[in-house]
Amino acid sequence: MFKALLHPNDSAISTISRILCNLHFPFSHKFLTTTTSTPSFAVSYFINNLKFSSESALKASKLVHFKTSKKPDSVLNFFRTHGFTDSDIHKIIQREPWLLSCDTQKRVLPKFQFLLSKGASTSDIVRIVVGNPRFMKSSLNNRVIPIYNLVTQYLQSDEKTIASIVSCPSLLCSDYLAPNINMMVENGVCYSSIYRILRTRPNVIFWRRREVEETVKELKNMGFDPSKSYFGDALLGKIGLSKSKWNDRIDIFKSWGWSEETVLEAIMRQPKCMLVSNDKINKVMSFWVNEMGWDSSHLVKGPGMFCYCLEKRIIPRAMVIFHLIAKGMRSEKASLLSPFYASEKLFLERYVLCFKEEESSHLLKLYHAMMKLGDKKARGIEES
């Protein structure tokens, strides 16, 4: 038979055909032929209706199950009727393509209704969903509502809770929020600190529990008291900066004559001073020490100064105070800091308008001139 295979005639060819027919190959005969595949309906839908690239459409198509446009069209219409633009919808589907084959009435609408019942507006919901479409995959009863209630427990109002969620949409499906809050409570972190974190930068406690706990313990070892309200800001600062940047900030302060203990004292008074850039610290210090001739030690007692705008607050007020001291109208022993911490109204009443008409007029012109100059400089910095 094998000779016949080597030298085939009509009989051999018949034999070969019979052998091949009786063989059972572990793969389909379609791989033995060349065919031109056509894209699936889902791939075409992503490309034509949502402007996906071919590669993205192919990847997304593996996460959906539809062969007609009925289901995906209903999903797109659902989002449009709830205030989402086509641009919003594109961003959402890009991140969560499975939505195109889901039952929006069961998976999505109840979450929208829950947020609306808590006072969220349509635009709030749009911002939340566009910012974190993954939240629509989360269980309403097992994830969204428990997290919402936990946040509200500390913020004490639906309005504040919704505001925090809008600013940080990932809040609604964080795996680490509850464990980290429990850990902070166990370490003695006070209510006001947790409140401050949830109100300003809740994403900070999305870190893994071990990392947040290590930071809490490190601050405690540095002498920070977790029962004090400033601890929340200290935690925000420490987590917000890498170790090298944290040490770099300390070195910048020390370069202006502060000791390690002095820097720590300033941080305890206002931890946010560590979140100010090196350039801003140097500019404030340079103006205070080199331009005004004042001692940098004053700023240890008022490190919040580094958080103020140099051009629109510090310089205009400093020029008024400098004028008052030079004219003998304010004692050199009086606090240099209190004028900078006063509200605009109080500053004008106490340091500008409380003098005789001629002097008050001169001070007001000086103040407004410096404010105008500062405003121009500030705009120039923003534009650059």
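Against which helices do the buried residues of H9 pack? They pack against H6, helix H8 (109–117) and H11, where helices are DSSP runs of H or I of at least four residues, strands are runs of E of at least two, and both are numbered from the N terminus.

The model is a predicted one, in which local features need pLDDT of at least 70, side-chain atom pairs count only at pLDDT 80 or more, and totals for chains, interfaces and linings use all residues. Residues are numbered from 1 along each chain as its sequence is written, and side-chain values use heavy atoms, with hydrogens and water left out.

**The whole chain.** Of its 384 residues, 42% are buried; buried means under 20% relative accessible area, exposed means over 50%, and partly exposed lies in between, with a 1.4 Å probe and protein chains only. Contacts (heavy atoms within 4.5 Å) between residues at least 6 apart in sequence join residues at least 24 apart in 70% of cases.

**H9 and H6.** Select residues 122–131, helix H9. Its buried residues are Asp124, Ile125, Val126, Ile128, Val129 and Val130. Next, select Lys91 in helix H6 (residues 86–95). Lys91 counts as partly exposed because its relative accessibility is 43%. A C-alpha to C-alpha distance line from Lys91 to Val129 spans 9.8 Å, and the two residues are 38 apart along the chain.

In soluble globular proteins, nonpolar side chains tend to be buried together. Centre the view on Phe84: neighbours within four places in sequence aside, Phe84 is in contact with Phe79, Ile89, Ile92, Phe112, Ile125, Val126, Val129 and Val130.

**H8 and H10.** Display H8 together with helix H10 (residues 140–155). The pair packs at an angle of about 20 degrees with axes 12 Å apart; axes are lines fitted to C-alpha atoms, for helices over the stretch in contact, and angles run from 0 to 180 degrees between N-to-C directions. H8 and H10 are therefore roughly parallel, the classes being roughly parallel under 35 degrees, roughly antiparallel over 145, roughly perpendicular from 65 to 115 and oblique for the rest. Show the side chains of Pro110, Lys111 and Phe114 in H8, which meet Leu140, Val144, Ile145 and Tyr148 in H10.

**Ser164.** Move to helix H11 (residues 158–167) and select Ser164. Ser164 is buried because its relative accessible area is 1%. Not counting residues up to four places away in sequence, Ser164 touches Leu155, Leu171, Leu198, Arg199 and Pro202.

**Ser192.** Helix H13 (residues 191–200) contains Ser192. Ser192 is partly exposed, with a relative accessible area of 28%. Draw a C-alpha to C-alpha line from Ser192 to Tyr230: the length is 8.7 Å, for residues 38 apart in sequence.

**H16 and H17.** Finish at helix H16 (residues 243–254) and helix H17 (residues 260–269), which pack at about 110 degrees with axes 9 Å apart. These two helices are therefore roughly perpendicular to each other. Trp246, Ile250, Phe253 and Lys254 of H16 make the contact with Glu260, Val263 and Ile267 of H17.
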